[in-house]
Amino acid sequence: MLRINSPEELEKLRQEILSRSDPSKPCISICAGAGCLASGAGEVIAAFKAEIEKQGLTTDVNTKGTGCPGFCERGPVVIIYPEEICYLRVKPDDVPEIISQTIREKRVVDRLLYVDPTTGEKAIHESDIPFYKNQKRNLISYNSKIDSKSIDDYLAIGGYSALAKVLFKMTAEQVLEEVKKSNLRGRGGGGFPAGNKWEGSRNAPEPIKYVLVNADEGDPGAFMDRALLEGNPHSILEGLTIGAYAIGSHEGYIYVRQEYPLAVVNVNIAIRQAEEYGLLGKNILGSGFDFTVKVHQGAGAFVCGESTALMTALEGRAGEPRPKYIRSNIVGLWGRPTVLNNVETWANVPLIINKGADWFTQFGTEKSKGTKIFSLVGKITNTGLVEVPMGITLRDIIYKIGGGIPGGKKFKAVQTGGPSGGCIPEKLLDLEVGFDELTKAGSMMGSGGMIVMDEDTCMVDVARYFLNFLIDESCGKCTPCREGIRQMLKILTNITKGKGKEGDIELLEELAEVAIDASLCALGKSAPNPLLSTVRYFRDEYEAHVKEKRCPALSCKELIAYHIDPSKCQACMICLKKCPADAIEGGKNRIHVIDQGKCTKCGTCIEVCPARFGAVNKISGQPVPAPIPEDARTLVRKSKEQ
Amino acid sequence: MSEIILQIDGKEVKAKEGMTVLEAAQSAGISIPTLCHHEKLEPYGGCRLCIVEVEVRGWTQLVVSCVYLAAKNLIVRTRSEKVDRIRKMILELLLAHAPDAFELQDLAKEYGADKDRFEKESSFCIHCGLCVRYCAEVKKKNAVGFVDRGTRKEISFIPGIASKECWNCKECFPLCPTEALQAAFVLTKALISSPPSSELVSVGIGKD
Ligand SMILES: Cc1cc2nc3c(=O)[nH]c(=O)nc-3n(C[C@H](O)[C@H](O)[C@H](O)COP(=O)(O)O)c2cc1C
Ligand code: SF4
Ligand code: SF4
Ligand code: SF4
Ligand code: SF4
Ligand code: FES
Ligand code: FES
């Protein structure tokens, strides 16, 4: 590879790359993100290569392993260009048909298309699928356009032009001004304005400064940072280099969690390629600006994503938050000014520079600009990564993009912000998504986790579930977090087991207040969110558990019982055969009865009892009716009598 | 070093630059309760008992005084309804571990903390980190350390080092506000009577 020594040479190379590729030549792009690889994309890619060779099409068709477009649940995802035909859940067996039909005959393979579950309509193009159609994919759309391991592909979509612009046409102050004007706020947690953070570092007197990428992504279920870093690593490097230039830093680190091996591979390849082209390292593009980047693999504890813990870990010590009242953009890594931003925050930077702050601020609400990627999971039809403009309502995300709640169930709440976010109830579904809006509702943006819950979810159990996650992730250094979470979890566990006491809810609130006010880092300060938000919006559920020993969602095992309604049981014996605990008494023409002493509450009987009988009930908060006497159990079939 | 004047509990207090609020208060004879603080050690900010209210540009904030630096014109309140409420809860949480620790009992009296508010926990340790930090920072031996995190976090002697260093030192012992260190040491000693190993052996310090 040749070193590029000026913006002109960069443009020349870009034109060369573009002229080499023929836009009308078919290109099969297969998602090679971690999600699709796990569902077999590797085999699909191999099958495409083999089939193309077998059919003698090697020079007529390109293949590409791309980044994740977000619809991993329907992966492996294959898109055929130039028509942009989108095939889902592709298996190696489908490959010969795709080649002979779609590539040779230009015919669509119907059975691999997206089918709308409500209308039954098929969507040929990615952009016709409602999941994608209602998004605003400023960042993630590039993922499926480029080979995540090719710098030339990134250059072909205009890559590194923002860096060239910054280095040759803008002063550091102008870059700062543009980012400040864009009102870009941190995508990794608190939503702190990036421009202000950068400015603080730039103005700090200490000459050596650092820029860091936070790719720890410890929220279970969230993977937007992985998708960006894996799929489009150069965009992160470009953003980071621009940030370094703006604050006067020459050294950067990318802190990636160990569980993301593919992201580490791809970003290391990207760094090497950028260095070879002279887009990283000494005298970038001949500008005289030097900047190097190293990748650091983190040990994967959730708390290591917290800024001071991350820096302590980078320094080679145990990743524990440290107490301090000076911001790390002034005193950070090795005591020097350090700008730490989230992956997605950095990814926005090249776009803001290229398209301008005014372009960026057209999306969003007054105080939250641009787009945000959410990881939509839970009781929802379409799960995956969704990029939406700030200000979109939760309702639109859940119903227009997510396709609503499956199985005809009712929506109950959506939990946003990761394990220490809060639950938002149905009455707030029209809330506009933004940093301050979510915080006001008792939740937070966090890194963008979004878990949808339906009517079968017990909100007390939800609070217990998240605290149970956090208790293992707290570093244990400070009392209000370590001991506070311990006690809150104990109380919540007791409540879900029917051992709640009068005064428990108030004690929980008191513990929560102390954790918020007195914890050392944001983990402890935000840990009570799931608890407080569920108490705020679902206090009646807590009270039902404590006072009536009743779980309104019929979910807490210790508070429910299964019961067969003798007037509905048709003695079909299905449940009897399926019960793993042998807890059902019955027989031919005998009304079935559950032995409560033996029942393990596995729920099998309610699932298998034919819907037209619907004889099995879950009950809570009331005594189980006494079993009908043995001699009254003979079934009298009314229909047959007549 | 230049002098700063700040206000603590309505009193004008002189402090040197770089002093923490706790040090400034102590120099003026104002006492703030602490559990994890030690003059010879780096500020740790773990127990959170030394929390106070400070007023910066009209904003009231809760900060731990053993870390927060004294600053010109800073207004500090070492007691308030909120501060007392937090200290009471912290003490109650810690008393679940070490109900018999004298230091905690005295403080419990002052703040009206109920030592039986929470069920007793199996470990005495209150995680002040004094033993661990003293050995690391002052003795530079690292013979005792923390293992694991969250509620599973416990102190642990490293037998290989402890067998060489601790016998003649034991300087950390009087620092421990509870019986945890002593208990852990007894257990370690029992362990080391078998051939010493340099491996990290986690030592339970439970009551049973
Ligand atoms: C317990 C905890 C975990 C965190 N984990 C992450 C993380 O995985 N990724 C991230 O970008 N920020 C994480 N943060 C937020 C960071 O501390 C920090 O605010 C962020 O990286 C700053 O970048 P931003 O301003 O671009 O969001 C975490 C914070 C806490 C308290
Ligand atoms: S709040 Fe929790 S995670 Fe943060 S320092 Fe305290 S114990 Fe550790
Ligand atoms: S809930 Fe499970 S164990 Fe209980 S009766 Fe039904 S199938 Fe048997
Ligand atoms: S499956 Fe339903 S109808 Fe059939 S025996 Fe069981 S309870 Fe009765
Ligand atoms: S053993 Fe004692 S000194 Fe060491 S951390 Fe525990 S309570 Fe503190
Ligand atoms: S990994 Fe392929 S769509 Fe996400
Ligand atoms: S003495 Fe300040 S936090 Fe422990």
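**Close-up views of a predicted model: interfaces and ligand shells**

**View 1. Polar contacts link domain 1 and domain 3 of chain B.** Three residue pairs are in polar contact across the interface of domain 1 of chain B and domain 3 of chain B, with both residues at pLDDT 80 or more. A polar contact is a pair of N or O atoms within 3.5 Å; within protein, one must be able to donate a hydrogen and the other to accept it, and residues adjacent in sequence count only if both atoms are side-chain atoms. The side of domain 1 of chain B that touches domain 3 of chain B has four nonpolar, two polar and two charged residues. Nonpolar means Ala, Val, Leu, Ile, Met, Phe, Trp, Tyr, Cys and Pro; charged means Asp, Glu, Lys and Arg; the others, Gly among them, are polar. The rule finds zero salt bridges here (side-chain nitrogen of Lys or Arg within 4 Å of a carboxyl oxygen of Asp or Glu).

This is a predicted model: local features need pLDDT of at least 70, side-chain atom pairs count only at pLDDT 80 or more, and totals for chains, interfaces and linings use all residues. Residues are numbered from 1 along each chain as its sequence is written, chains are lettered from A and ligands numbered from 1 in the order in which they are written, and side-chain values use heavy atoms, without hydrogens and water.

**View 2. Domain 1 of chain B buries area against domain 3 of chain B.** The buried area is about 740 Å², 62% of it from carbon and sulfur atoms (accessible area, 1.4 Å probe, that two parts lose on being put together, summed over both). On the domain 1 side, His38(B), Leu41(B) and Tyr44(B) lose the most area, together 59% of what that side buries.

**View 3. Chain A meets chain B.** The two chains bury about 2,800 Å², with 54% on carbon and sulfur atoms. The rule finds 10 salt bridges across this interface. One pairs Glu473(A) with Arg149(B), their closest N and O atoms 3.3 Å apart.
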